[in-house]
Amino acid sequence: PGQLTDAEFARRTPVEIKARLFANENPFGPSDKAKQAIIDSLANSYQYPFMHLTDLEDKITSYEGLGKDMILLSAGSSPLLMATAIYCCKDGGNVVTGDPTYDDLPKSAEKIGAQWVKVPLTAEYKLDLDAMEKAVNANTKLVYVCNPNNPTATAVDAEKLRAFCERVSKKVTVFVDEAYIDYLPDPQASTMVGCVKNGQNVIVARTFSKLYGFAGLRVGYVMAQPDMLEKISRYTKDQYAISAPALYAAIASYQDKPFLADALKKTLASKDFLYKTLKEEGYEYIPSVTNFAMFPLKMDGKRFVDEMMKRGVALRNWMVNGKDWCRISIGRMDEMEIFATAFKELS
Ligand code: PLP
C-alpha cells in the first residue's frame, strides 16, 4: 500500500546513485553476444523486424518443446501482464494473489474494476498455495502466482505448484510469473511450462529483463494455449514495440549457458557478501533464491531508504505485517561494498 513504482521512485531520486540496488536488474548483462548483435543490427534497423519475431518465437518454443503458436512476445513482460489483466477482468470479478507479491497485474485489474484478493504468505514468507486455492471463488477470474516471488525472493516447491496448477486451472486461469526463474539452480525442473504443454489453462510469463540483463532493451513473453494467446493479444500490440536491436540481441543470447552461469555466479558471490554484512550488523534476512533479498529493518523504512539514498545507495522499503523491511537488489561487488559502508554507518 502506498508503494512507489520503480519509475516513480527513479523520478524522485535527487542524488547521484553509486549503488543501483532498487529495480532487480542484472548489472552483469547484457552478454557480449547480445551487444555484438545490437551493433550488427544497426545498419538494417530501417526495416521492420517482422521476420525476426518469428525467429525468436521459434527458438524459444523449440527449446521449451511447445507448439509454434504457444508464445506471445512483447517489449518486456509488463504489457502482457496488463493485457492479461484486462482480458480476464474486463467484466469485473477478482484476482487472487499472494501478499506481498509483484503488484503490477493485480493493480491493473483493480484499475478496471476488479477486486484484488490478497492471501498472506506462509511463516516462511512463501506463497501459501493452499490458502490461495481456498480463496478462489465463483467470481475469481485469475490467480496470479509469482514464482519466485517478488519482493520476498522465495520459491514454492515445484511439484506442489504443479499439482496446484492442475487442480486450480480447471476452475480458473492460473498465471505463473517466472521472471526470476533463471536464478534457480535448475529452471527447467522448476518451470510450469509442462502445465502449458499438457493443455492446462495456465499462462507462464518470462522476461529477458533479469538474468539476461535486458531490462533496458525490453523483451518478454508469455506461453499459453493458442486460443488464450489470441484473446490476450487483442489487448496489446506490444510485440511490434520490440526494436530490431533488442530482438536480434535476444536471438543471439537466448540460452547462452556460459553467460548465464557466469552472471549467476557473480550474483551469488555478491549475495554471500550481503548475507555476511547483514549478519555482522546483527540483521536477519529471508534466504533468497533470486537476485534480490529482503531483510527486516530496525528503523522506519522510509527514513532508512532516504538516509541510504543520501549516501548514493538506492534501495526499496516494504511494509510486511505492519513491519518495515528493505528489499535490496544484488548488484556488482563494488556496489555491495558501497551498500555495506553506508549500512554500517546507519545501523
Ligand atoms: N514480473 C516480475 C515478478 C517482476 O519483478 C518484473 C519486473 O521487475 C516484471 C514482471 C516485469 O518486467 P519486464 O516488463 O521488464 O519484463
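Helix 12 (257–280) and helix 14 (residues 333–346) of this predicted model pack with their axes 9 Å apart and at an angle of about 10°. The two helices are therefore roughly parallel to each other, a label applied to angles under 35 degrees, with those over 145 counted as roughly antiparallel, 65 to 115 as roughly perpendicular and the rest as oblique. Axes are lines fitted to C-alpha atoms, for helices over the stretch in contact, and angles run from 0 to 180 degrees between N-to-C directions. Helix 12 contributes A269, S270, F273, L274 and T277 to the contact, and helix 14 contributes M333, M336, A340 and F343; residues are in contact if their C-beta atoms, placed from the backbone, lie within 7 Å. By class, these residues comprise seven nonpolar, two polar and no charged (Ala, Val, Leu, Ile, Met, Phe, Trp, Tyr, Cys and Pro count as nonpolar, Asp, Glu, Lys and Arg as charged, and the others, Gly among them, as polar).

Residues are numbered from 1 along each chain as its sequence is written. Because the model is predicted, local features need pLDDT of at least 70 and side-chain atom pairs count only at pLDDT 80 or more, whereas totals for chains, interfaces and linings use all residues.

An open sheet is formed by three strands in the order 9-12-11, with antiparallel pairing. Helices (H or I, at least four residues) and strands (E, at least two) are DSSP runs numbered from the N terminus, and two strands pair if DSSP finds at least two bridges between them. Strand 9 and strand 11 stand at the edges with a single partner strand each, so one side of each is left without a neighbour in the sheet. From one strand to the next, the twist averages 30°. Strand 12 (residues 323–329) is joined to strand 9 by five bridges, and I328 in strand 12 is the bridge partner of A293. Helix 13 (residues 301–310) lies across strand 11 and strand 12, at about 170° to strand 11.

The domain assignment, which is automatic or taken from a database, gives domain 1 (6–29 + 257–346) and domain 2 (32–253). Their C-alpha centres lie 25 Å apart, and the contact takes 21 residues from domain 1 and 20 residues from domain 2. On the side of domain 1 that touches domain 2, helix 12, strand 9 (292–296) and strand 11 (316–320) each supply at least two residues; the largest share, four residues, comes from helix 12. This side has 13 nonpolar, six polar and two charged residues.

Notes:
Contact = placed C-beta atoms within 7 Å.
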